[in-house]
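Hi,

Here is the structure I promised to pass on. Have a look at it first, and my notes follow below.

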Amino acid sequence: MADPSSKLPTWVDVGLLPLINVALAFVVSGLLIAALGQDPFEATWIMLRGAFGYEESLGYTFYYTTNFIFTGLAVAVAFHAGLFNIGGEGQAYIGGLGVAIACLALDQYLPFGLLLPICILAAALFGAGWAFIPAYLLAKRGSHVVITTIMFNFIAASLMVYLLVNVMIKPGQMSPESREFTSNAWLPYMHEVLGWFGWEVAQSPLNLSLLWALVCCVLVWGLIWHTRWGYEIRAVGANADAAVYAGISPSKIIILAMCLSGALSGFVGINEIMGVQHRLLLDFAAGYGFTGIAVSLMGRNHPVGIILAALLFGALYQGGAELAFENSAFSPDLIVVIQGLVVLFSGALSYMLRGPMERLYLRLSPGRLVEG
Amino acid sequence: MTVAGGATSSGTGHPAPAIQLRGINKRFSPVHANRDVNLVVPAGTIHGIVGENGAGKSTLMSILYGFYQADSGVIEVGGQVCPINSPEDALAAGIGMVHQHFMLVDVFSVLENILLGAEGGPLLAPGMAAARKEIARLEADYGLEVDPDALVGDLAVGLRQRVELLKALYRGANILILDEPTGVLTPQEADRLFEILRAMRDRGVTVILITHKLQEIMAITDNVSVMRAGQMVAHRETAQTTREELAELMVGRKVLLRVEKSVAAPGDALLRADGLSLIDAAKVTRLDGVSLDLRAGEIVGIAGVTGNGQSELLEVLSGILPPSRGRFTVHDRAIDQDHPCTPEEMRDLNLAHVPEDRQRMGMISAFAAWETAILGYHCDPAYTGPILLKTNAIIDDTDGKMARFDVRPADPQLTSDSFSGGNQQKLVLAREIERQPDILLVGQPTRGVDIGAIEFIHQQLIDMRDAGCAVLLVSVELEEILSLSDRILVMFEGRIVGEVAAADADARIIGLMMANAHEKAETEGAAAHG
């Protein structure tokens with residue numbers, strides 16, 4: 001029967017609602033800043049300028065954006081299969097391990113052109129492998145994937161500490177880091193690439209991974225909506241009973257979707273290890289995997305939305321760092337609070353305003369809503 | 001008693017009507033779900049409301065019970081204007097509702113369920129004692145016998161429904177709305193329910209019965225109102241009307257209630273089941289030694305009350321579940337526990353399956369219609385290349401299916417859940433039938449489907465049979481089984497308890513078999529089988 005809470009037009013659902021959610025987060029953040037005796041408008045201005053105001057800041061923003069695109073896509077692919085992959089953090093971490101192993105093993109022998117595809121493959125395989133175990137446990141044993149992926153984040157963190165302290169550490173130093181890769185294993189920075197074309201821009205960690213992230217967006221979009229595997233993934237996610245009826249094996253799809261998800265997370269390792277650090281070190285995943293959940297939720301699990309949401313979070317990271325640097329009243333913790341508010345409103349509470357919006361829309365434009 | 005249309009005042013000299021609705025409008029833009037609806041329900045009567053799906057019956061009752069608020073219009077209860085903005089208001093006005101799907105807690109006792117939400121204080125004991133007394137009184141008054149200490153989960157469906165009735169009465173309802181109350185009952189249980197409803201009416205309770213089964217309207221109601229496309233199109237005294245007239249009023253044109261079909265000419269058995277059993281994860285025997293033959297060119301109907309193994313039979317035969325014991329053959333392929341056959345392989349064996357519950361299994365609500373239209377066949381080279389789906393080809397194909405099966409609106413891009421039940425079902429049928437299967441398993445082909453579409457769907461099944469397809473029809477609508485089947489098998493607790501040739505079929509005997517209360521019928525059935 002007629003259900004009034006049925007459908008909003010796409011532009012409201014995908015465009016307006018997330019914007020209102022973010023605006024709400026900023027209003028609450030502003031109140032918080034005002035309560036601390038600071039000027040929220042000035043803070044906003046510093047953050048905006050810090051994120052977009054000059055070439056270097058823009059580079060940093062896009063560099064963070066790259067990571068969020070990878071982890072956001074990862075969450076989205078799993079989500080289409082009805083799985084909540086909380087393990088992006090660990091999968092990104094292990095993906096970086098794969099990249100580092102490939103680089104450390106081969107940077108003496110192979111040129112960049114061969115090393116890059118090997119590293120991409122290694123990141124994907126290691127990330128996917130780390131996601132495979134929870135996926136297998138779910139598919140065959142019914143273990144809840146939220147629980148197992150969270151636990152695998154901790155296992156990944158401990159494993160990396162062990163490996164870096166005991167195995168991969170460069171001999172003769174105190175800090176748990178591997179040796180630096182030779183420069184043929186370095187992904188070119190964007191400022192270098194643009195320099196080759198005669199466009200001088202300020203230095204930043206932004207590197208070619210951004211392009212790979214955008215390619216991944218296109219690939220994920222094609223996979224999910226235009227291949228039979230995507231069809232099967234969405235079928236399992238939307239209605240597992242109907243999928244079984246259709247002859248689709250949910251266990252296979254769970255494993256496929258989780259491995260794809262893990263592979264996408266693993267690409268964070270390309271950006272961080274091959275693009276920026278050029279060595280393996282601790283904690284380079286730095287919460288990107290977790291923020292990817294909010295990115296995906298906010299981007300409505302669609303690559304276009306994910307790019308926009310990743311850009312927002314990239315700007316928050318970079319602008320927030322700038323704000324903490326400029327004004328000592330803003331401790332890094334406060335920046336985390338602001339980021340947390342955005343995650344809260346656009347992620348966890350993303351459906352809070354749906355009901356009121358639907359009622360408002362019904363009232364404003366009778367005759368446009370299609371009955372469910 | 002005046003039941004004429006229009007905003008009649010309750011005639012002078014008569015008591016105020018239990019319910020009077022005047023000029024009720026409700027819009028889910030752009031759909032005008034209720035348009036200037038007037039309704040007078042005299043106190044102490046059983047009043048039927050009939051109409052196709054989407055005619056606005058449920059919306060109207062939801063307004064009366066406070067789930068929705070009308071955009072305009074007046075609700076009067078017992079002659080007093082009574083704004084109803086929530087179910088609490090409705091309860092306060094003495095209106096109770098028994099939903100199609102029961103709202104009971106399985107692990108609570110009957111008493112606890114009745115008490116739920118009306119505990120009467122922080123401590124349970126005094127409320128329980130009072131409730132026990134009150135329930136005993138209600139039982140005696142209305143013949144609503146239920147053991148108050150039984151767990152609801154252990155009760156048969158008919159008894160659960162009584163618990164729902166008790167719940168409403170315990171809350172002081174003297175106006176009861178029943179939404180499709182007989183959908184899950186055997187004919188005998190339904191008769192019992194009707195006795196209870198008559199007892200209630202005799203004691204002054206007003207009953208509003210929403211149903212699509214015209215024979216029930218004729219059997220039990222005093223008055224009937226017909227809705228079509230959001231409007232009340234007629235009010236009749238039941239004694240003054242006929243099923244044919246009501247059907248015509250509902251649909252707006254003449255309707256064939258009986259299906260025209262020739263005598264079947266069955267061919268070879270395409271599917272043979274031999275002692276199929278299914279034991280589920282909880283070690284409950286769902287199927288118990290089912291044997292049957294399904295021959296080309298015949299429709300075999302499986303009658304039975306919901307939950308007696310019919311669903312499981314369909315799922316085993318379609319490859320969704322492997323049998324725990326026994327075997328069956330499809331064409332020449334033998335299938336048993338050690339040699340299972342996936343639904344995909346079943347499709348390759350030219351077996352098609354229209355699942356019982358299209359919402360749960362037959363379609364994916366969130367998918368576009370064109371995506372639902374290839375469900376199960378999405379790996380067909382006609383629909384997919386080596387990597388990419390042939391979206392345009394699929395959409396063209398779906399356009400064709402929609403035209404041939406009269407699916408409305410004929411837009412493959414709409415999400416599957418934006419179609420009415422009948423149109424969803426036609427889309428699912430189109431998908432399965434157009435593959436021209438040798439064997440067609442059909443579950444509840446017309447559940448939630450409007451009368452106009454039922455006619456069409458029945459004709460499609462007959463056409464399939466006449467084209468030499470072996471059709472297995474599972475339905476809880478006994479009438480549907482009787483009018484379509486060439487042979488009828490009756491299932492009870494996972495077993496086939498009787499077989500009747502269509503020519504000898506009799507609703508009463510089948511009804512008794514469905515409750516497994518007819519030993520004689522069983523032996524007769526076995527004899528007929530031999």
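On the face of helix α13(B) turned away from its buried side sit the exposed residues Asn392(B), Ala403(B) and Arg404(B). Please keep in mind that this is a predicted model.

The helix itself covers residues 391-404 of chain B, 14 residues in total. From first C-alpha to last it reaches 20 Å, close to the 20 Å expected at 1.5 Å a residue. Its buried residues are Ile394(B), Asp397(B), Thr398(B), Lys401(B) and Met402(B). These lie on the same side of α13(B), because they cover an arc of only 140° around the axis. They pack against α12 (369-372) and α14 (421-433) of chain B. After the helix comes Asp406(B), with a positive phi near 55°.

Next, the sheet. Chain B has an open sheet of four strands in the order β12-β11-β14-β15, with antiparallel pairing. Its edge strands, β12 (285-295) and β15 (333-335), each pair on one side only. Three bridges join β14 (residues 325-330) of chain B to β15(B), and Thr329(B) stands opposite Ala334(B) in β15(B). Helix α9 (residues 310-317) of chain B lies across β11 (269-279), β12 and β14 of that chain, at about 60° to β12(B).

Finally, the largest nonpolar core has 267 residues, and those touching the most other members are Leu73(A), Ala257(A), Leu64(B), Leu473(B) and Val490(B). Helix α3 (residues 55-80) of chain A gives the most to this core, with 14 residues. Leaving aside neighbours within four places in sequence, the contacts of Leu64(B) include Ile19(B), Ile75(B) and Ile177(B).

Happy exploring!

Terms used: Residues numbered from 1 in each chain as written. Chains lettered and ligands numbered in written order. Predicted model: local features only at pLDDT ≥ 70, side-chain atom pairs only at ≥ 80, totals over all residues. Helix = DSSP H or I, 4+ residues; strand = E, 2+ residues; numbered from the N terminus. Expected span 1.5 Å × (residues − 1). Buried ≥ 20, exposed ≤ 12 C-beta atoms within 10 Å, placed from the backbone. Arc of directions from axis to C-beta. Contact = placed C-beta atoms within 7 Å. Core = buried A, V, L, I, M, F, W, Y, C linked by C-beta atoms within 7 Å. Pairing = 2+ DSSP bridges. Axes fitted to C-alpha atoms, helices over the stretch in contact; angles between N-to-C directions.
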